Amino acid sequence: MNRNEWSLAKEVAVEAATKAGELARERFGGKLAIQHKDDRGDLVTEVDVQADRLIVEDILAVFPSHRIYSEEAGEGGAASDWVWHVDPLDGTNNFALGIPLYGVCISLSYQGQIVLGVIRDSALGLNYVAVKDEGAWQEDVKLEAKPKGPLIKSTISWIQGHGVGKNEHRALELRHHLEHSVKRVLRLWAPSLTWAMLARGDLHGVVLYNSEGEDLYAGLLLAQEAGVKVTDFAGNPVAMLGGSGTGTNAGVSTNSVGGTEMAHAVYLVAAVPEYHAELLAFVQEAIKVE
């Protein structure tokens, strides 16, 4: 896949994200058929399913030899080193509650490394695009994360996976410690939009705890291309962003698997280099990383 094909992949992803985002915006605030995915309260609506189908069909129409993992349809396409991940409606719970914080998240990886990320802020009608080694963009504006002021007086964000239970003490203790270490710990329940805020410089950092899924990868590349440093809880580089380290800590791995599956149970600290070490220290103080 040469750079011309990368450009085509970007066009396809942006167009698909835009169409899916407009579908969600047209249905926002209306009557929805809402179902629970599982006993944790995660929701799915008919808009999730329709948007998922739209994006998957658009991608496979142009790249039939690629693998694709989507939030609603699951695994499809051919076995390939090129893998797409799709979350057609990131922030479904917000969407269903009438909270205008929801988006679309599409990424493309090659042999386990993310090379393209597209995020659509559906409510605001904004596209965020990142291509490996080519920068991060909000529409025609190049993003450079440059937050100002001391970390202890700042706002960071917390993202956790669906599998984190309410009684997981390690997560509770870490979040509690962070809330006492900085001014505010924000939780949007729409991870892709959180990463966009970090890439814009609106947040000083993100701590991601045991998260996984299609709403992660595009945001990671967007943040990195905007100048954000991303490591695991031990300070190791992240393999799926091109880091040479394996990124393991306390049994947690950020390795890619076989070039087709991305990381599971990911634990990350993300901030621009000026603040990363201090934020990482807050995390390590709470979880007692040696």
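**Exercise 1. State the accessible surface of the protein chain and the share of it that belongs to carbon and sulfur atoms.**

Solution. In this predicted model, the accessible surface of the protein chain is about 12,400 Å². Carbon and sulfur atoms hold 49% of that surface. For the residues, 54% of the 290 in the chain count as buried. The chain has 7 helices and 17 strands. Among contacts with a separation of 6 or more, 63% join residues 24 or more positions apart.

**Exercise 2. Decide whether A51 is buried or exposed, and list what A51 touches.**

Solution. Step 1: locate the residue. A51 is part of helix 2, which covers residues 46-62.

Step 1: compare its area with the cut-off. A residue is buried if its relative accessible area is under 20%. The value for A51 is 1%, so A51 is buried.

Step 2: find the neighbours. Leaving out residues up to four places away in sequence, A51 touches A20, L23 and P88. The C-alpha atoms of A51 and L89 are 7.3 Å apart, although 38 residues separate the two in sequence.

**Exercise 3. Describe how helix 5 and helix 6 are placed relative to each other.**

Solution. A pair of packed helices is described by the angle between the axes and the distance between them.

Step 1: read the values. The axes of helix 5 (residues 191-200) and helix 6 (residues 217-225) come within 8 Å and cross at roughly 0°.

Step 2: classify the angle. Angles under 35 degrees count as roughly parallel, and therefore helix 5 and helix 6 are roughly parallel to each other.

Step 3: name the residues. On the helix 5 side are W195, A196, L198 and A199; they meet G219, L220, L222 and A223 of helix 6. By class, this contact has 7 nonpolar residues, 1 polar residue and no charged residues.

**Exercise 4. Give the strand order of the open sheet of 5 strands, and find the helices that lie on the sheet.**

Solution. Step 1: write the order. The sheet runs 12-11-13-17-14, and its pairing is mixed. Strand 12 (184-186) and strand 14 (229-232) are the edge strands, each pairing on one side only. From one strand to the next, the twist averages 20°.

Step 1: examine one pair. Strand 14 pairs with strand 17 (residues 266-271) in the antiparallel sense, over 4 bridges. K229 stands opposite A271 of strand 17.

Step 2: Helix 5 lies across strands 11, 12, 13 and 17, and runs at about 155° to strand 13.

Conventions: Residues numbered from 1 in each chain as written. Predicted model: local features only at pLDDT ≥ 70, side-chain atom pairs only at ≥ 80, totals over all residues. Heavy atoms only, no water. Axes fitted to C-alpha atoms, helices over the stretch in contact; angles between N-to-C directions. Helix = DSSP H or I, 4+ residues; strand = E, 2+ residues; numbered from the N terminus. Parallel < 35°, antiparallel > 145°, perpendicular 65-115°, else oblique. Contact = heavy atoms within 4.5 Å. Nonpolar A, V, L, I, M, F, W, Y, C, P; charged D, E, K, R; others polar. Buried < 20%, exposed > 50% of the residue type's maximum accessible area, 1.4 Å probe, protein only. Areas by Shrake-Rupley, 256 points an atom, 1.4 Å probe, with all protein chains shown as cover. Pairing = 2+ DSSP bridges.
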